[in-house]
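Please brief me on this protein chain.

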Amino acid sequence: LYLYRLLRQGVLAGRADLETEATRRWRSVLRAVRTQQVGRRAGAPRVEDTEPRREKRLRERLVEHPDDVETRRKLAALLHADGALDAALAEYETLLEAGQDDAALLAAAGTASLASGRAARSVELLERAVAAPGAPSAAQRHLAWALLGADRADDALALYDEVLAQAPDDVNARRGRGLTLMRLDRLDEGLQEIASAGWLR
């Protein structure tokens with residue numbers, strides 16, 4: 001019920017330029033539901049061993065061999081899987097600067113940027129990930145959410161439609177599509193989409 005009220009308040013306040021109270025309210029709605037769409041561990045590469053001792057060993061190895069890309073990738077994945085987004089992003093950025101720009105790394109870095117509220121950077125990285133061969137299946141959905149957060153609702157809607165054409169049962173994509181429709185002033189349509197995904201039951 002609280003989420004429903006937030007949604008209505010955010011949309012019924014109206015759409016205007018970025019400095020208005022209406023837009024600030026809408027952003028508060030997006031923040032309220034962001035962790036349900038993209039949590040701190042979303043998009044993290046699979047990590048079997050997350051013990052702190054492993055992180056320490058990886059860091060020690062990087063002190064001795066700072067150009068060891070494989071070790072840095074393991075450390076970034078470990079930090080991301082543990083929800084330590086700022087530390088993971090620092091490692092991802094170092095890897096990207098070193099030319100590691102395959103789809104998996106771009107998607108992980110983009111999703112970590114999205115979860116930490118860096119909308120513009122997440123859009124940039126996720127667009128590159130989706131365009132690259134072998135992108136993870138969730139990358140498109142994460143990009144759509146990033147586009148919505150970056151006030152590109154039309155682009156987000158088109159991408160959500162693509163995602164749902166491929167995976168009609170993707171509940172998170174359906175919820176995101178509902179929010180996007182609301183952002184486009186299609187209030188009833190958006191609420192129906194959100195209800196069908198289970199948020200208003």
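Asp185 is partly exposed, with a relative accessible area of 46%. Partly exposed is the band between buried (under 20% relative accessible area) and exposed (over 50%), using a 1.4 Å probe and protein chains only. The model is predicted, so local features need pLDDT of at least 70 and side-chain atom pairs count only at pLDDT 80 or more, while totals for chains, interfaces and linings use all residues. Residues are numbered from 1 along each chain as its sequence is written, and side-chain values use heavy atoms, with hydrogens and water left out.

**Two loop residues with positive phi**

- Asp185 lies in the loop between helix 10 (171-183) and helix 11 (187-197). Helices here are DSSP runs of H or I with at least four residues, strands are runs of E with at least two, and both are numbered from the N terminus.
- The phi of Asp185 is positive, about 70°, although Asp185 is not a glycine.
- Most residues other than glycine have a negative phi.
- Asp151 also has a positive phi, of about 60°, and is not a glycine.
- Asp151 sits in the loop between helix 8 and helix 9 (153-166).
- With a relative accessible area of 31%, Asp151 is partly exposed.

**The whole chain**

- The chain has 11 helices and zero strands.
- Of its 201 residues, 45% count as buried.
- The chain exposes about 10300 Å², and carbon and sulfur atoms supply 46% of that area. The area comes from the Shrake-Rupley method with a 1.4 Å probe, and for residues only the protein chains shown count as cover.
- Among contacts with a separation of 6 or more, 51% join residues 24 or more positions apart. Contact means heavy atoms within 4.5 Å.

**Helix 8**

- Helix 8 (residues 139-149) is largely enclosed by the rest of the structure, because 10 of its 11 residues are buried.
- The buried residues include Arg141, His142, Leu143 and Trp145.
- Gln140 belongs to helix 8. At 15% relative accessibility, Gln140 counts as buried.
- Leaving aside neighbours within four places in sequence, Gln140 is in contact with Val130, Leu159, Glu162, Val163 and Gln166.

**Helix 6 against helix 8**

- Helix 6 (residues 103-115) packs on helix 8 at an angle of about 35°, with the axes 10 Å apart. Axes are lines fitted to C-alpha atoms, for helices over the stretch in contact, and angles run from 0 to 180 degrees between N-to-C directions.
- The crossing of helix 6 and helix 8 is left-handed. That means the near helix is turned anticlockwise from the far one by less than a right angle; clockwise would be right-handed.
- Ala107, Thr111 and Leu114 of helix 6 meet Ala139, His142, Trp145 and Ala146 of helix 8.
- By class, this contact has five nonpolar, two polar and no charged residues. Ala, Val, Leu, Ile, Met, Phe, Trp, Tyr, Cys and Pro count as nonpolar, Asp, Glu, Lys and Arg as charged, and the others, Gly among them, as polar.

**Helix 4 against helix 5**

- The axes of helix 4 (residues 69-81) and helix 5 (residues 85-97) come within 8 Å and cross at roughly 155°.
- Helix 4 and helix 5 are therefore roughly antiparallel to each other. The cut-offs are under 35 degrees for roughly parallel, over 145 for roughly antiparallel, 65 to 115 for roughly perpendicular, and oblique for the rest.
- The crossing of helix 4 and helix 5 is left-handed.
- Residues in the contact include Val69, Leu75 and His80 of helix 4 and Leu85, Tyr92 and Leu95 of helix 5.
- The contact of helix 4 with helix 5 divides into 10 nonpolar, two polar and three charged residues.
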